[in-house]
Amino acid sequence: QVQLVESGGGLVQPGGSLRLSCAHSAISSFRTMGWYRQSPGTQRELVAVITSGDGRTSYADAVKGRFTISRDPAKNMVYLQMNSLKPEDTAVYYCNVDGRRAAWTARENVWGQGTQVTVSS
């Protein structure tokens, strides 16, 4: 199974920045790689995603212009750079990969364990 490990969460003041990292095990291909978040009492929501093929990125309206998703395939890493953080960005952030370990294996949709981001003064 594809394995994901997130890191980089923490407590930051409003207006600050954090970079989340997601280390994933080796994959031969992917359909999407993305970051989601969930606050208490709410549903998990998409924050940002990279689509395979053209490498197109998409963002939730709430984070456009402030967050940037990127990946480093040589290091098997996916990142989420978060700038100008707001209290409403407080949530558990999850990495998600939809891909294959090898060409002959089934496609998997895998979630990381989540990392807490708290924006507060």
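User: What makes a pair of cysteines count as a disulfide here?

Analyst: A disulfide is a pair of cysteine sulfur atoms within 2.5 Å. The sulfur atoms of C22 and C95 lie 2.2 Å apart, so the pair is within 2.5 Å and is called a disulfide. By this rule the count is one disulfide. This is a predicted model, in which local features need pLDDT of at least 70 and side-chain atom pairs count only at pLDDT 80 or more, while totals for chains, interfaces and linings use all residues. Residues are numbered from 1 along each chain as its sequence is written, and side-chain values use heavy atoms, with hydrogens and water left out.

User: Why is the disulfide of C22 and C95 called left-handed?

Analyst: The torsion about its S-S bond is about -80°, and therefore the disulfide of C22 and C95 is left-handed. The pair links distant parts of the chain, 73 residues apart, with C22 in strand β3 (residues 18–24) and C95 in strand β9 (residues 91–100); strands are DSSP runs of E with at least two residues, numbered from the N terminus.

User: How do you know whether C22 is buried or exposed?

Analyst: Buried means under 20% relative accessible area, exposed over 50%, and partly exposed in between, with a 1.4 Å probe and protein chains only. C22 has a relative accessible area of 0%, so C22 is buried, and C95, also at 0%, is buried.

User: Why is E108 called buried?

Analyst: E108, found in strand β10 (residues 108–111), has a relative accessible area of 13%, and therefore E108 is buried.

Definitions and conventions
Helices (H or I, at least four residues) and strands (E, at least two) are DSSP runs, numbered from the N terminus.
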